[in-house]
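Student: I would like to learn how to read a protein model step by step. Could we look at one together?

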Amino acid sequence: MWIGWIEFDLLLGDVHSLKEKRSVIRPIIAEIRKRYDVSIAEVGQHDLYRRAEVGIGMVAPDRAHVVEVLDAAENHIAYRPGVDLLSARRRIISSDD
């Protein structure tokens with residue numbers, strides 16, 4: 001069993017309130033959850049309206065699938081208009097570790 005997760009530090013574009021932040025982040029979370037069948041949530045920067053920290057986690061039987069899905073999710077976020085990907089931190093481990 002392989003376990004993988006990735007955390008994104010995001011800078012949001014034309015956002016001026018926490019309400020606007022939610023209107024940007026919620027569709028991203030819903031789309032990635034549906035498209036890639038992963039667990040995803042906003043995990044940090046809750047009080048800053050132009051910053052967001054989003055985490056994705058998944059479990060799969062082989063490492064290649066974990067890498068493929070996390071790469072696809074990262075590309076999806078990196079090329080989304082109105083969102084700048086400042087950093088991504090990734091970890092993949094085996095249940096044998």
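Predicted model: local features only at pLDDT ≥ 70, side-chain atom pairs only at ≥ 80, totals over all residues.

Student: In which order do the four strands form the open sheet?

Tutor: Strands of a sheet pair through backbone hydrogen bonds, either parallel or antiparallel. Helices (H or I, at least four residues) and strands (E, at least two) are DSSP runs, numbered from the N terminus, and two strands pair if DSSP finds at least two bridges between them. Here the order is E2-E3-E1-E4, with antiparallel pairing. E2 and strand E4 (83-94) are the edge strands, each pairing on one side only. From one strand to the next, the twist averages 20°.

Student: How many bridges join strand E1 to E4, and how many pair E1 with E3?

Tutor: Strand E1 (residues 2-12) is joined to E4 by 11 bridges; Asp9 stands opposite Ser87 in E4, and Trp2 has Ser94 of E4 as its bridge partner. E1 and E3 pair over 10 bridges, again in the antiparallel sense, and the bridge partner of Leu11 in E3 is Arg51.

Student: Which strands does helix H1 touch as it packs on the sheet?

Tutor: Contact means heavy atoms within 4.5 Å, and axes are lines fitted to C-alpha atoms, for helices over the stretch in contact, with angles from 0 to 180 degrees between N-to-C directions. H1 touches E1, E2, E3 and E4, and its direction makes about 150° with that of E2. Helix H2 (residues 63-78) lies across E1, E3 and E4, running at about 170° to E4.

Student: Which residues of H1 are buried?

Tutor: Buried means under 20% relative accessible area, exposed over 50%, and partly exposed in between (1.4 Å probe, protein chains only). In H1 the buried residues are Lys21, Ile25, Ile28, Ile29, Ile32 and Tyr36, and what covers them includes E1, E2, E3, H2 and E4.

Student: Which residues have the most contacts inside the largest nonpolar core?

Tutor: A nonpolar core is a set of buried Ala, Val, Leu, Ile, Met, Phe, Trp, Tyr and Cys residues joined through side-chain atoms within 4.5 Å. The largest one has 24 residues, and those with the most contacts inside it are Leu10, Ile32, Val38, Ile56, Met58 and Leu70. The elements giving two or more residues to this core are E1, H1, E3, H2 and E4. Leaving aside residues up to four places away in sequence, Leu10 touches several residues, including Ile25, Val54, Ile77 and Leu85.

Student: Where is Asp37 placed, and is this residue buried or exposed?

Tutor: Asp37 sits in the loop between helix H1 (18-36) and strand E2 (39-44), and its phi is near 55°, a positive value in a residue other than glycine. Asp37 counts as exposed because its relative accessibility is 71%. Gln45, in the loop between E2 and strand E3 (51-60), has a positive phi of about 60° although it is not a glycine. Gln45 is partly exposed, with a relative accessible area of 26%.

Methods
Residues numbered from 1 in each chain as written. Heavy atoms only, no water.
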